[in-house]
Amino acid sequence: MKGLVEIYVQQFKTTLASFVQYRAAIFIWMIGHVLEPLIFLVVWSVVAQSTGGSVGGFTGADFAAYFIVMMLVNHFTYTWIIYEFEYRIREGLLSFSLLRPLHPIHTDIVDNASSKLITLPMMLVAAVILAVVFRPAFHTVPWAIAAFIPSLLLAFILRFLIEWTLALAAFWTTRVSAVNQGYYVAALFLSGQVAPLSLFPHIIQVVAAILPFRWMIAFPVELLLGRLTPAQALTGLAAQTVWLAASLILLRGIWRAGVKVYSAVGG
Amino acid sequence: MRYVRLLFVFFRTSVLSELAYRSNFFLQLFETLLDLGTALAGLAVIFSHTDNLGGWRPDEVVALVGVFFLVGGTIRLLVQPSMEGLIESVREGSLDFTLTKPEDAQFLVSIQRVEIWKLTDIALGVGVLAVALVRLGTRLSLWQAAGFGVAFLAGGVIVYSFWLILATLCFWFVRVENILVIFQSMYEAGRWPVSIYPRWLRFSLTFLVPVAFAVTVPAQALAGRLSWQILLGAWALAAALFTISRRFWRAGIRRYSGASA
């Protein structure tokens, strides 16, 4: 355990150093993370306005709150592992990670968490600016804020495991970009990035709740905004835990099968 | 005329080299269909709660999506790959070869790469546009069609000049790919009528990143909402940007010194 902590600290320093080198790139990539929720915020506010002030229980100010929190939660749980893994396998870089006595996922976890440590403050600034411009309405309650923190952490871990597992598709196919785009589109709708899930037809809501999508992003957002009852919050936390266990099992199985078919050329 | 022939030659070589990778076509088709499906599904969700978006009727917004794909496809077909090629060749010094050729170097650079599979974006965009127009039941007058053509052309010149200005920055700064990424994410905002955005954002989308002129204005022409003042403005901006981009190109070339080659 002590060894793992030391490795995490060392990896953190490495990530930090590479971050300083690519700061411009990371800043620009954040623009996209702000712009997308901003566009949906505007679109839905316009819809709320044109239908007499509110749509499905959301006023313009509610939409502002929803999409600002969505932006933060989405950024917090975001991973870029699917792109990265494809590159690693194509270039044979994975061979080096396999030689290390540590599961490659650890490096990725630290890498992700430490770059968030730096980008998150910037996102918070963006959120404050958006809040000043769009005047969101928050109706949250203390218990929801308390439950939000574990739900956010579970969401992060869950999304990380799911996307890491999905990235392993690169072991079998070189057309990962198609897999990636399919997943991205599903996540866009089913995790509430296009609109709050309650505005979708019932059947879509059911699908979003059965699959892990809602639990990766939308659930913490709804929770923080005080849109869930305590019972719904508990059910949600349970669903997150179940999916987390399932994705761990999935990840182990697929990783083992993938490493078997992996063969690097050169390196 | 000679330019048209040259463009044709470049196009033909790209087609020939890409035909070796035919499965890429299906991959591209899949991605475009998914992208289009996303756009239309998003509209379906929105229009299940309202019957207009900032004064635009559903089919008018669908037509806008068609134009968005048409314009985006054109950019990704020719403009974007060529500009990325320019940045690369400046960094690697291979621009020397282009400069020694007996044609206008700006022209050669601007058509150097064609990503032919992006034609699927254009074809599907036109398809969506056609369906939307039929559903709108607008009998497209010759006047409207001409207005669309003229606005589309102006939009093309504006976008091209804008990309060229950004790409020529590579003569001064080596890494400018990131700036292009900004344009791409801002371009996404053009999926929606720019009139819905708050004023500061609308201003940025019109003048800082000219998405409004590339997508919304041509779509307005089809919907019969275009005044001749806007059209004139679009062409004035197109002419101004084209001149400025030419200046940028000239200044950049003067600064350029092949590092290797």
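## Helix H3 of chain A

The expected span of a helix is 1.5 Å times one less than its number of residues. For helix H3 of chain A (residues 60-77), 18 residues should therefore span 26 Å, and its end C-alpha atoms are 26 Å apart, which agrees. Helices here are DSSP runs (H or I, at least four residues), numbered from the N terminus. In H3(A), 16 of 18 residues are buried (20 or more other C-beta atoms within 10 Å of a residue's own, with C-beta atoms placed from the backbone).

## Basis of the model

This is a predicted model, in which local features need pLDDT of at least 70, side-chain atom pairs count only at pLDDT 80 or more, and totals for chains, interfaces and linings use all residues. Residues are numbered from 1 along each chain as its sequence is written, and chains are lettered from A and ligands numbered from 1 in the order in which they are written.

## Two packed helices in chain B

Helices H7 (residues 142-168) and H11 (residues 228-255) of chain B pack at about 25 degrees, with axes 8 Å apart. Axes are lines fitted to C-alpha atoms over the stretch in contact, and angles run from 0 to 180 degrees between N-to-C directions. H7(B) and H11(B) are therefore roughly parallel (angles under 35 degrees).

Residues in contact have C-beta atoms, placed from the backbone, within 7 Å. Among those that meet are B:Gly147 and B:Phe162 in H7(B), and B:Trp235 and B:Gly252 in H11(B). The residues of this contact divide into 18 nonpolar, five polar and no charged. Ala, Val, Leu, Ile, Met, Phe, Trp, Tyr, Cys and Pro count as nonpolar, Asp, Glu, Lys and Arg as charged, and the others, Gly among them, as polar.

Definitions and conventions: Angles under 35 degrees count as roughly parallel, over 145 as roughly antiparallel, 65 to 115 as roughly perpendicular and the rest as oblique. Two residues are in contact if their C-beta atoms, placed from the backbone, lie within 7 Å. A residue is buried if 20 or more other C-beta atoms lie within 10 Å of its own, exposed if 12 or fewer, and partly exposed in between; C-beta atoms are placed from the backbone.
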